[in-house]
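Please read the points below with the structure open.

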Amino acid sequence: MMVRERLDPEMRKEDIQKAAMALFSSKGFNNTTMDDVREKSGLSAGGLYHYYKNTAEILYDIMDRGSRMREATVTNTVQHMGNKLTPHILAEVVVDKMLANNSFTSIYVMFLGEIKKNEQLNALYEKLKRDSITYFKNFMNGYDCGLLTDDDYEFVTNLINASLLSCEILDTRENFLKNRQHLVSMLEGYFNSSTFQEAEVSGL
């Protein structure tokens with residue numbers, strides 16, 4: 001009998017999430033059951049339910065992990081561009097998010113497609129959006145610059161989501177990539193017209 005490798009809880013949850021991501025991609029969220037995840041992950045029913053009660057909880061953790069990865073990317077991008085937060089750099093960061101193409105993107109778009117039909121997922125989306133806005137406000141505070149308004153954050157969030165939906169569903173990513181600098185210029189103009197101010201910090 002094969003002895004299953006013992007993993008710490010976070011690594012085990014990540015394994016479950018990877019199994020679920022493959023299933024969500026191939027079957028869709030609504031057609032994926034906890035039994036499917038149990039079989040794909042190789043866990044017993046008790047082992048799986050020890051970590052997650054349902055597929056919505058798994059999907060939320062996948063989205064949360066993707067958000068944390070994007071936050072790290074934002075920090076690295078700003079540091080790489082001189083550790084300044086200017087309207088131009090902020091526009092570059094937002095366009096990066098608009099055109100993202102990684103293992104989380106298709107799952108996120110699937111998630112967006114489900115939220116109008118599923119109250120639990122819609123509540124999870126609203127929490128993710130609040131968390132994302134809080135992160136960005138704290139991030140900009142770290143540069144001691146004027147904050148964007150709540151309407152600005154709402155607009156940028158909607159723009160990112162609309163672009164990701166278009167890239168995944170209408171296959172517009174290549175066209176948007178060709179016109180990336182136009183997108184940057186448009187957003188730079190938008191941020192220049194907001195309360196945003198250039199700021200710089202050291203050692204962030």
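1. Helix α6 (residues 105-114) packs against helix α8 (residues 150-169) at an angle of about 110 degrees, and their axes are 10 Å apart. Helices here are DSSP runs (H or I, at least four residues), numbered from the N terminus. The axes are lines fitted to C-alpha atoms over the stretch in contact, and angles run from 0 to 180 degrees between N-to-C directions. The two helices are therefore roughly perpendicular to each other, a label for angles of 65 to 115 degrees.

2. On the α6 side, the contact (heavy atoms within 4.5 Å) is made by Thr105, Ser106, Tyr108, Val109 and Leu112. On the α8 side, Asn161, Leu164, Leu165, Glu168 and Ile169 make the contact. By class, the contact has six nonpolar, three polar and one charged residues. Ala, Val, Leu, Ile, Met, Phe, Trp, Tyr, Cys and Pro count as nonpolar, Asp, Glu, Lys and Arg as charged, and the others, Gly among them, as polar.

3. This is a predicted model, in which local features need pLDDT of at least 70 and side-chain atom pairs count only at pLDDT 80 or more, while totals for chains, interfaces and linings use all residues. Residues are numbered from 1 along each chain as its sequence is written, and side-chain values use heavy atoms, with hydrogens and water left out.

4. How many salt bridges does the structure hold? There are 15, each a side-chain nitrogen of Lys or Arg within 4 Å of a carboxyl oxygen of Asp or Glu. Side chains of opposite charge can pair when their charged atoms come close.

5. Glutamate 168 forms a salt bridge with arginine 173, with 3.0 Å between the closest N and O atoms. Glutamate 168 is partly exposed at 26% relative accessible area, whereas arginine 173 is buried at 12%. Buried means under 20%, exposed over 50% and partly exposed in between (1.4 Å probe, protein chains only).

6. Arginine 180 and aspartate 96 meet in a salt bridge (2.9 Å, N to O). Arginine 180 lies in helix α10 (residues 180-192) and aspartate 96 in helix α5 (residues 87-98), so the pair ties together parts 84 residues apart in sequence. Arginine 180, at 18% relative accessibility, counts as buried; aspartate 96, at 33%, counts as partly exposed.

7. Glutamate 14 and arginine 65 also meet in a salt bridge (3.8 Å, N to O). Glutamate 14 is in helix α1 (residues 9-27) and arginine 65 in helix α4 (residues 55-80), 51 residues apart.

Definitions and conventions
Angles under 35 degrees count as roughly parallel, over 145 as roughly antiparallel, 65 to 115 as roughly perpendicular and the rest as oblique.
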